[in-house]
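Me: I am new to this structure and would like to understand the terms used for it. Could you take me through them with care?

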Amino acid sequence: MAATVDCPTCGRKVSFTPASRWRPFCSARCKTIDLGAWASETYRIAGDVRDDAASSDESDAGAGSHRDPGRSRAR
Ligand SMILES: [Zn+2]
């Protein structure tokens with residue numbers, strides 16, 4: 001009696017056995033899609049944070065942008 005799980009990407013039933021190499025996903029494609037969704041979400045959150053910091057730096061004063069070139073040269 002094999003247990004089955006729903007593929008997180010497409011919802012298809014997947015046998016949860018060593019034979020199902022991509023479990024809990026039904027295939028490598030679904031696994032890649034899920035990982036891709038994760039990656040893009042992470043990037044979007046990171047981008048938002050950077051965007052927020054940049055805009056607050058700008059509204060701070062001209063001093064913020066004056067300090068910026070030196071910081072990027074040090075890296
Ligand atoms: Zn699937």
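Me: What makes K31 count as buried, exposed or partly exposed?

Reply: This is a predicted model, in which local features need pLDDT of at least 70 and side-chain atom pairs count only at pLDDT 80 or more, while totals for chains, interfaces and linings use all residues. Residues are numbered from 1 along each chain as its sequence is written. A residue is buried if 20 or more other C-beta atoms, placed from the backbone, lie within 10 Å of its own, exposed if 12 or fewer do, and partly exposed in between. K31 has 18 other C-beta atoms within 10 Å, and therefore it is called partly exposed.

Me: How do you know which helices and strands the chain has?

Reply: They are DSSP runs numbered from the N terminus, where a helix is a run of H or I of at least four residues and a strand is a run of E of at least two. The chain comes to two helices and two strands, and along the sequence they follow the pattern β-β-α-α. K31 lies in helix α1, as I33 does, whereas R23 is found in the loop between β2 (13-15) and α1 (28-60).

Me: Which residues is R23 in contact with, once its neighbours within four places in sequence are left aside?

Reply: Two residues are in contact if their C-beta atoms, placed from the backbone, lie within 7 Å. With those neighbours left aside, R23 is in contact with V5, V14 and F16, and the C-alpha atoms of R23 and V5 are 8.1 Å apart although the two residues are 18 apart in sequence. The C-alpha atoms of K31 and T9, which are 22 residues apart along the chain, are separated by 7.4 Å.

Me: What makes the peptide bond from R23 to P24 cis?

Reply: That bond has omega near 0°, and it is cis. P24 has its place in the loop between β2 and α1. In general, most peptide bonds are trans.
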